[in-house]
Amino acid sequence: KLFIKDLHFDEVPVRIYLPRVPSASKRRGVIFFHGGCGMFGSIRSYERICRYIARKSDSVVVSVGYHLSPERKYPAQTLDCLTATVHFLKTAENYGVDPHRIIVCGDSAGGTFTASVCQELVNRKDIPKIRAQVLIYPFLQALNFNLPSHQKNAFIAFLSRERTVHFILKYLKKDCSMKEAILAGSHVPESMNLKYKKWIYPDLIPEIFKLGYKPPLPTSLLPQVHEETKELFETRLSPLLAEDAVVCHLPDACIITCEHDVLRDDGLLYKKRLEDNNVKVTWHHMEEGFHCALGFFGYGIFSFPSSNKMVNHTVNFIK
């Protein structure tokens, strides 16, 4: 049912999925950024998901094979995603796509790249605006690793609290011995904590998600760790830290969060930020969902109910 082609968009590898059935009007386009902490994953590992989205939503899907870390140093991954998106926005009509109906989508680190690309394109006047964004259990901030979801899911399979910080440090090619200091919050100066408290703070999480939460003990700043990890506060890595002047111009969003996921509260906090800035948000919460569940989609008996639900919520939102 699909034509599938491997191409390059300005030197960034992409795989494009085009429905075979002719369309009376121009189709919508979907740009997909796969997850994997910026270090794992590929176009191939998300083949099932992208084919399904293209077929079920009757859209042209572009899966982006951004270059991975450590071979390509951060922020090469975000820049590849940005390059591929701009290229598609400019050339959409060559693929039978309406350039004003392009949706950006990603899971986990792909959700980070999705949020970041949408923010970076807010002020571009030379290309069409992105129509919407889909963030599936995204990573959105590296300021606070002591939110309710970090505590509740600290030792969960696939992505524990400790592994989250370990992967971030590896992704940035930093010394992993700083992990404990970052988990404790010793990389954040008090002035920064106060500045961003209005956006990243346990009290902003709905009560229903805070059962059993215990506020962490205060810690003191380790200036050397702060100096070494300044990238953690860049909006490319922590899109939740973007200013309201940017957030208020972002496209409509669909946010999917999972109960058994350390990153659950990143999604909840971004949802609140978008809504506070009058951006329309569609939110789906997977009670039985966990981080990485999307990767099991389409594997028969190895698939999970939450995997199917996430993909179908994405398709319905795109439509």
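I started with Gly289: buried or exposed? This is a predicted model, and in it Gly289 comes out at 0% relative accessibility. The cut-off for buried is under 20%, so Gly289 counts as buried.

Next I checked where Gly289 sits. It lies in strand E8, residues 281–290. I skipped its neighbours within four places in sequence and listed the rest of its contacts: Cys258, Glu259, His260 and Ser306. I also took a C-alpha distance from Gly289 to Gly212, and got 20 Å for a pair 77 residues apart along the chain.

Then the helix pair. I noted that two packed helices are described by the angle between their axes and the distance between the axes. For H1 (residues 47–57) and H11 (residues 305–318) I have an angle of about 40 degrees and axes 10 Å apart. The crossing of H1 past H11 is right-handed.

Which residues meet there? From H1 I wrote down Tyr52, Ile53, Lys56 and Ser57; from H11, Val311, Asn312, Thr314, Val315 and Ile318. Sorted by type, that contact has five nonpolar residues, three polar and one charged.

Last, the annotation. An unreviewed UniProt entry puts "domain: Alpha/beta hydrolase fold-3" at residues 30–174 and 233–293. For residues 30–174 I get 38% helix and 17% strand, with the end C-alpha atoms 33 Å apart. For residues 233–293 I get 28% helix and 31% strand, and the end C-alpha atoms lie 28 Å apart.

Terms used:
Residues are numbered from 1 along each chain as its sequence is written. This is a predicted model: local features need pLDDT of at least 70, side-chain atom pairs count only at pLDDT 80 or more; totals for chains, interfaces and linings use all residues. Side-chain values use heavy atoms; hydrogens and water are left out. Axes are lines fitted to C-alpha atoms, for helices over the stretch in contact, and angles run from 0 to 180 degrees between N-to-C directions. Helices (H or I, at least four residues) and strands (E, at least two) are DSSP runs, numbered from the N terminus. A crossing is left-handed if the near helix is turned anticlockwise from the far one by less than a right angle, and right-handed if clockwise. Contact means heavy atoms within 4.5 Å. Ala, Val, Leu, Ile, Met, Phe, Trp, Tyr, Cys and Pro count as nonpolar, Asp, Glu, Lys and Arg as charged, and the others, Gly among them, as polar. Buried means under 20% relative accessible area, exposed over 50%, partly exposed in between (1.4 Å probe, protein chains only). UniProt positions are given in the numbering used here, feature names are shortened, and annotations may be inferred rather than shown by experiment.
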